[in-house]
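Here is a short report on the structure shown below.

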Amino acid sequence: MQSYRSIEEHPDAAAGGPRGTRSIVVASRIRDMIVSGELPAGSRIAERNLIEQRGSSRTPLREAFKILEVEGLVTIEPNRGATVARLSLADVEAAIELLVHLEGLAAELACKRASDEEIEAIRVLHERMMVAFEARDLMSYFHINQSIHESIVDCAHNPVLSRVYRGESARIHRVRYAGNMQMERWARAVYEHEQLLDALTRREHAILREMLRAHHLSAWKVTRRMLEIELDGAGGDAAT
């Protein structure tokens with residue numbers, strides 16, 4: 001039986017917490033469970049268990065499912081409820097290809113448009129990420145890591161670019177998280193982030209663009225095989 005007790009332990013679980021409504025809080029926790037693999041791709045999310053253990057009504061839960069459906073993380077079917085979405089290799093590869101190009105564009109604009117304060121804020125995020133890495137807190141590391149990438153894109157000061165990037169990135173969070181589950185890759189990713197920060201600080205857009213590209217492709221080499229194994233085990237389509 002699936003256990004959702006940890007939803008109550010979420011730091012923003014209070015109804016009046018900083019992240020707003022209960023539905024957003026529940027969506028956040030379920031999102032983490034999907035990203036970490038606690039809720040595997042293709043699995044049905046047991047609504048009754050959530051209601052019983054969360055002690056809340058169906059309304060915020062179903063609103064949370066709708067949030068996650070928009071993000072492409074779950075599918076909702078009549079009389080079956082919510083199921084964790086399953087992505088094909090082709091889906092992920094196409095998403096990564098797009099993200100590489102979006103971050104490449106953002107790199108050039110960010111180096112031109114970012115304020116010193118914005119770059120310093122990214123440096124602070126990097127320091128926090130290093131603390132999470134030293135503590136081997138992968139989920140905290142992952143959230144900060146994604147904030148860094150999103151902040152670099154935001155430094156381009158193009159709201160359309162930021163919106164498209166966030167939407168597509170959210171769909172493959174599970175894959176990007178899994179890439180750091182191998183210690184060697186995780187340590188390499190940290191080193192790559194140090195180089196990214198240095199290039200941004202120096203406003204060397206060509207170097208930053210190429211480093212972001214290499215960073216994604218290096219991670220994809222690791223996660224591609226993991227996804228192939230997952231899809232083979234589920235009888236899914238592993239074709240590119």
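## Overall make-up

Of the 240 residues in the protein, 48% are buried. Buried means under 20% relative accessible area, exposed means over 50%, and partly exposed lies in between (1.4 Å probe, protein chains only). This is a predicted model, in which local features need pLDDT of at least 70, side-chain atom pairs count only at pLDDT 80 or more, and totals for chains, interfaces and linings use all residues. Residues are numbered from 1 along each chain as its sequence is written, and side-chain values use heavy atoms, with hydrogens and water left out.

The protein has 10 helices and two strands. Both kinds of element are DSSP runs, numbered from the N terminus: helices are H or I with at least four residues, strands are E with at least two. Along the sequence the pattern reads α-α-α-β-β-α-α-α-α-α-α-α. Contact here means heavy atoms within 4.5 Å. Among contacts with a separation of 6 or more, 71% join residues 24 or more positions apart.

## H5 against H6

Two packed helices are described by the angle between their axes and the distance between the axes. Axes are lines fitted to C-alpha atoms, for helices over the stretch in contact, and angles run from 0 to 180 degrees between N-to-C directions. Helix H5 spans residues 116-134 and helix H6 spans residues 138-154. Their axes lie 9 Å apart, at an angle of about 160°. H5 is therefore roughly antiparallel to H6. The angle classes are: under 35 degrees roughly parallel, over 145 roughly antiparallel, 65 to 115 roughly perpendicular, and the rest oblique.

The H5 and H6 crossing is left-handed. That term applies if the near helix is turned anticlockwise from the far one by less than a right angle; clockwise gives right-handed. H5 contributes Ile122, Leu125, His126, Arg128, Met129, Ala132 and Phe133 to the contact. H6 contributes Ser140, Tyr141, Ile144, Asn145, Ser147, Ile148, Ser151 and Ile152. By class, the contact of H5 with H6 holds nine nonpolar, five polar and one charged. Ala, Val, Leu, Ile, Met, Phe, Trp, Tyr, Cys and Pro count as nonpolar; Asp, Glu, Lys and Arg as charged; the others, Gly among them, as polar.

## H6 against H9

H6 also packs with H9. The axes of H6 and H9 come within 12 Å and cross at roughly 30°. That makes H6 roughly parallel to H9. The crossing of H6 and H9 is left-handed.

On the H6 side, the contact is made by Leu138, Tyr141, Asn145, Ile148, His149 and Ile152. On the H9 side, Trp186, Ala189, Val190, His193 and Leu200 take part. The contact of H6 with H9 has eight nonpolar, three polar and no charged residues.

## Positive phi in two loops

Most residues other than glycine have a negative phi. His157 is not a glycine, yet its phi is positive, at about 55°. His157 sits in the loop between H6 and helix H7 (159-171). His157 is partly exposed, with a relative accessible area of 43%.

Arg203 also has a positive phi, near 55°. Arg203 lies in the loop between helix H9 (183-201) and helix H10 (205-234). Arg203 is partly exposed, at 28% relative accessible area.

## Cysteines

A disulfide is a covalent bond between the sulfur atoms of two cysteines. Here the test is a pair of cysteine sulfur atoms within 2.5 Å. By this rule, the count is zero disulfides.

Cys111 is in no disulfide; its nearest cysteine sulfur belongs to Cys155, 9.2 Å away. For Cys155, the closest cysteine sulfur is that of Cys111, too far for a bond. Cys111 is buried, at 7% relative accessibility. Cys155 is buried too, with a relative accessible area of 2%.

What does Ala107 touch, not counting residues up to four places away in sequence? The list is His205, Leu208, Arg209 and Leu212. Ala107 belongs to helix H4 (residues 89-113) and is buried, with a relative accessible area of 0%. Ala107 and Glu210 are 103 residues apart in sequence, but 9.1 Å apart in space, C-alpha to C-alpha.

His173 is in helix H8 (residues 173-178). At 12% relative accessibility, His173 is buried. His173 touches Val35, Phe142 and Gln146, leaving out residues up to four places away in sequence.
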